[in-house]
Every structure is written in structure tokens, then in C-alpha cells.
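Biologist: I have just opened this one and would like a guided walk through it. Could you put it up on the screen, please?

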Amino acid sequence: MTTNNEVNNLTNVASIDLGANVIYTTDEFFAAANRMLAETAAVFKDEYDENGHWMDGWETRRKRVEGNDHCIIKLGGLSKIKSFLVDTSHFRGNYPLAVSIKGCRAKGVSDEEFISKKDDFQWIELLEQSNLKGDSKHYFDCKSYEELTHLRMDIYPDGGIARFKAFGTLCFDERLYGKENVNVTSMRNGARAVYANNEFFGPLKNILKDNVAINMGDGWETRRRREPGYDWGIIELAQPAIIDNIMVDTNFFKGNYADSFSICAAYLDETTDSAVVTQSMFWEELVSKQKLQMDSQHEFDNSYILHNKPVTHIRMNIFPDGGISRLKMYGKFVKKA
């Protein structure tokens, strides 16, 4: 069974923030299926719309014929999946009794073509039919680690899912090699958060999103430091990259933004996540300590970059604590020597 620590180090490749999208569903009468791909926790509202009680997730009508409901999710990119989260929060008398998941690879196929030929693709079983409980979070291991572009989730026979997540890694797009000014710390380009010394108010991985932060909770924020030192987080790039310029955004952080930051970096051929933490103490500085302002985008051009050597990992240091909403490091990916 995948552990919570492993999940924290993986990317939710079914996140709407990465461009994942429900492209087909047999039914979404009570609640649109795309709601379950949101990263935010599901909420309960005592509200009604024209079809019934408003629910934060995907909910189908009560099935009165044979069969079961299902939906097809186009992932944020070519992905390998290790585990799933099926969350039925707030669904108590209307949750499905069971779920199963299949996957396929159909790279470069348009949504319209995929839907018209959905039964012709080779679907791989990722999760056999498994029981669900109401108002609960269910973690399941994925049976295959093959490259996938689409998932089919079947619910038995009908009902509602509040949130669905597929934890894994985005496969690197080799077409990015040679391109200039690529955001190499973008989650969509395969960057991932490895470890942060503190994530009390918001996880490090939030700063790797491409979209503009929606609120203060959509960034990385540490607790108030009450002892000497500073906070830091480690990010792994999908492939080695040479950095040309960076942007640090403190959007929404006003009385709690990081006062300043610096970046260290290293080129590591092979390592483990636990080993990286210790190794990072000795990494070379890439950007020296720079002052930040509240609720602002800060641009740092090539003159602030201390070397142009390829790097695979970076450590973002914030002084002494606080929050930032986004980090974008632009440059070009290079092939390993």
C-alpha cells in the first residue's frame, strides 16, 4: 500500500490544475464530473439548484435500468500512476457501493475522436472493483505503471464521488529539448516537490503550478518561526536544465510574505529523496539572497543567476519564514551527459 509520505512526493496527474478534464460521462445530473478533479477539499453547502441538492463532486441520478455509470478522464499529460484517492466526503446516502478504474494510452488523439472510438482502445485494469464507504477517503494502489493518457472510472451502480486523484509522475515531453525560456519548475513540465522543512499552512508543491494563485491557501506557507534559522524546500526537475531567469510571486501574501529568498542548486545523476535532504546542505548557490515585497511579482534576469551549469535539483530558501505563491524558473532543458 502506498504510504502518505510517498503520496506527498507524487503529482496528482488527474488534477484540473494540470489541465486534466472529464471528456465523457454517462450521467452528471446532480453534479458535474469535473468538480471531483479540483485540488481543494470538498465542501458541503445547504443549497439547492434546479436538479436537487448541490454537491461538491460528481453525482449521477438514481439508476432505474441495468448497468452502471462511468466517466473518462483525460490526464494532465502522459503519466505513470502509482495510487488513487477516491473520496466520498459528504456523500452519505448517495455514494456508490464500489469503484473500478482502467487506463489507456492515446497520445495525440483529439477528445472528439477519442470519445467516438473509446471502446476500440486497449484498456488496462488499474483497480479491480473495490468497495466504497460513505463520507470517507479511500486510497488504492495502481496495478500497472505503464504510460497512460486517459482513465475510465466506473461506479457501481450510481451515486457521487467528491474528489478523485491519481498520484504518479508526468512523463517528460522530449519536444521541450532545445526550446528556450521554458518554465522548468512547472509541474506540467515534470517538476515535483521533494521535501520542505515546514508546510504548516500550504504545501511546497503549490508553487509549481502554472496558473495564478486563487488565494493565500494556494501557495507555500510555513508557520511563524520562533527560533533561529530559515525555511526551505527542495524541488526536482524532470530533466537537467540551465536557468536563465526567474520569477517569484508573493500574490495574496501581505502580512505573512517571506522577507527574502535565495536558491541553491545541484546536478545529481542518481539519488533518493531522503538522501537529497542531507546533500542539499552543500549545494552551490544559484541566486544569492534577494529581498521580497508583499503581494508582488518579482522578476530576476540573467544578471542574478550566478552560474549557467545544468542543474537537476533546486532548494528554495525563504527568510525567515512565511509564504510565496509561485516560483517560475525559466531556461532550457538539456540531455544528460
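Modeller: Let us begin with E147 and R105, whose side chains meet in a salt bridge at 2.3 Å, N to O; a salt bridge here is a side-chain nitrogen of Lys or Arg within 4 Å of a carboxyl oxygen of Asp or Glu. This pair links distant parts of the chain, 42 residues apart, with E147 in the loop between β9 (137-141) and β10 (148-156) and R105 in the loop between β7 (98-104) and α2 (111-116). Helices (H or I, at least four residues) and strands (E, at least two) are DSSP runs, numbered from the N terminus.

Biologist: What should I know about the model and its numbering?

Modeller: This is a predicted model, in which local features need pLDDT of at least 70 and side-chain atom pairs count only at pLDDT 80 or more, while totals for chains, interfaces and linings use all residues. Residues are numbered from 1 along each chain as its sequence is written, and side-chain values use heavy atoms, with hydrogens and water left out.

Biologist: Changing topic, how many residues does the largest nonpolar core have?

Modeller: The largest nonpolar core has 65 residues, and those with the most contacts inside it are M36, F84, L151, F164, I246, I263 and M316. Such a core is a set of buried Ala, Val, Leu, Ile, Met, Phe, Trp, Tyr and Cys residues joined through side-chain atoms within 4.5 Å. A second, separate core of 8 residues includes C264, A266, L268 and W283.

Biologist: Which residues does I263 touch?

Modeller: Leaving aside neighbours within four places in sequence, I263 is in contact (heavy atoms within 4.5 Å) with residues including I246, E285, L286, I314, M316 and L327.

Biologist: Where is H298, and is it buried or exposed?

Modeller: H298 is found in strand β19 (residues 297-300) and is buried, with a relative accessible area of 9%. A polar atom of the H298 side chain lies 2.8 Å from the backbone nitrogen of Q293. Beyond four places in sequence, the contacts of H298 include I246, V248, K291 and Q293.

Biologist: How many disulfides does the structure hold?

Modeller: The structure holds 0 disulfides, a disulfide being a pair of cysteine sulfur atoms within 2.5 Å. For C71, the nearest cysteine sulfur is that of C104, 13 Å away. C71 is buried at 0% relative accessible area, and C264 is buried at 8%.

Key:
Buried means under 20% relative accessible area, exposed over 50%, partly exposed in between (1.4 Å probe, protein chains only). A polar contact is a pair of N or O atoms within 3.5 Å; within protein, one must be able to donate a hydrogen and the other to accept it, and residues adjacent in sequence count only if both atoms are side-chain atoms.
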